[in-house]
Amino acid sequence: QQPNQQQQQQQKDEDPKKKILLVCGPGNNGGDGLVAARHLVMFGYDCTIVYPKESKKQHFINLVQQCHDVGIDLRSDMPSFEELEREYGTIVDAIFGFSFHGQPREPFASILQTMIQAQQGTTITTISVDIPSGWNVNTGDDENQSGFMPHVLISLTAPKLSAKTFKGQHFVGGRFLPPKLASKYNIRMPLYPGVAQVVQVSSGVTTAASSSSSPSWEQQYHDYCVEKESVGIEKSNLQEKVDAQDPSWEQQYHEYCVEKEKQLDSQKKTDQHQTSKGNVNDDAKKDDSWEQQYQDYLDEKDSA
């Protein structure tokens, strides 16, 4: 272990861009970034965390405390372009995850723009956790057209559909998906080498040799996604045919309302008839009751 520590320290001294900046959002994706920072420090990397909106949930408070315990600096503001270029060699994007929808809001909108500028104007490597921030989990960057395309994507557990449009180095991490669950949702996982927890599925570079050989896992996964989508379309078309044969919901509801109205009219007539008979019977009951009362009165008077 001693030689490894000396080698890491020597590498950090020789490389002025030794620091890793982890930009964390307020949700679970940001939590992944906090955990990653702690592990990176334990592996000898110099890390700084940008955490603009700290979560008030106890779980995230504990994660922040763990980062403090290992000496990680946390800041709420994003470094300037000049500071990024001068001090950092890698940016880890852990802002938004697969549940993100819509347009990024401040302060994260400006942070994303700074990350894009740093990616395009420096040699900084950008790495996204699970899904590039601002992307739609299914369609990728088509919705927002942000232009954010990190160098590296690390999909957690399994690639999301948006990974089909990703062009950089692609890794899958998290060797913990139960086979029963994978079978239930028809999820195809790559083969992890040995006891590795991470596997690279795409290098981001297409060569003639790779295209002529057997399909890569990424290509197989892409074909699988296309096949899955086509099955979904076929099911949708089949449902449309069934719906076309059956009366529409509006027609069924109209018929139901007409039938219900008939029942109500019939019930109303029945109630009116019973009410009319009930009035006669009530009058008779009232007369009988009065006669009985008068008879009781006379009997009581005679006895007195």
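I took helices (H or I, at least four residues) and strands (E, at least two) as DSSP runs, numbered from the N terminus. On that basis I counted nine helices and eight strands in the chain.

**Entry 1: basis.** I worked from a predicted model, in which local features need pLDDT of at least 70, side-chain atom pairs count only at pLDDT 80 or more, and totals for chains, interfaces and linings use all residues. I numbered residues from 1 along each chain as its sequence is written, and side-chain values use heavy atoms, with hydrogens and water left out.

**Entry 2: the chain as a whole.** I found that 31% of the 304 residues count as buried, where buried means under 20% relative accessible area, exposed over 50%, and partly exposed in between (1.4 Å probe, protein chains only). I took a contact to mean heavy atoms within 4.5 Å. Among contacts with a separation of 6 or more, 69% join residues 24 or more positions apart.

**Entry 3: the sheet.** I counted two strands as paired if DSSP finds at least two bridges between them. The eight strands form an open sheet with mixed pairing, in the order β3-β2-β1-β4-β5-β6-β7-β8. Strands β3 (73–75) and β8 (198–202) stand at the edges with a single partner strand each, so one side of each has no neighbour in the sheet. The twist averages 25 degrees from one strand to the next; axes are lines fitted to C-alpha atoms, for helices over the stretch in contact, and angles run from 0 to 180 degrees between N-to-C directions. I then looked at β5 (residues 125–129) and β6 (residues 152–156), which run parallel and are joined by three bridges. Ile127 stands opposite Val152 in β6. Helix α2 (residues 28–42) packs on the sheet and touches β1 (19–24), β2 (46–50), β4 (88–94), β5 and β6. The direction of α2 makes about 160 degrees with that of β1.

**Entry 4: the largest pocket.** On a 1 Å grid over the protein atoms alone, a pocket is an open set of points where a 1.4 Å probe fits, with protein on both sides within 12 Å along at least five of seven lines; lining residues have an atom within 4 Å of a point. I noted a volume of about 670 Å³ for the largest pocket. Of its 18 lining residues, Ala36, His39, Leu40, Ile154 and Val198 are the closest to its centre. Helix α2 supplies the largest share of the lining, five residues.

**Entry 5: Ile187.** I located Ile187 in the loop between α6 (179–184) and β8. Ile187 is partly exposed, at 27% relative accessible area.

Definitions and conventions
Grid points are joined across faces, edges and corners, and a volume is the space filled by probe spheres set on the points.
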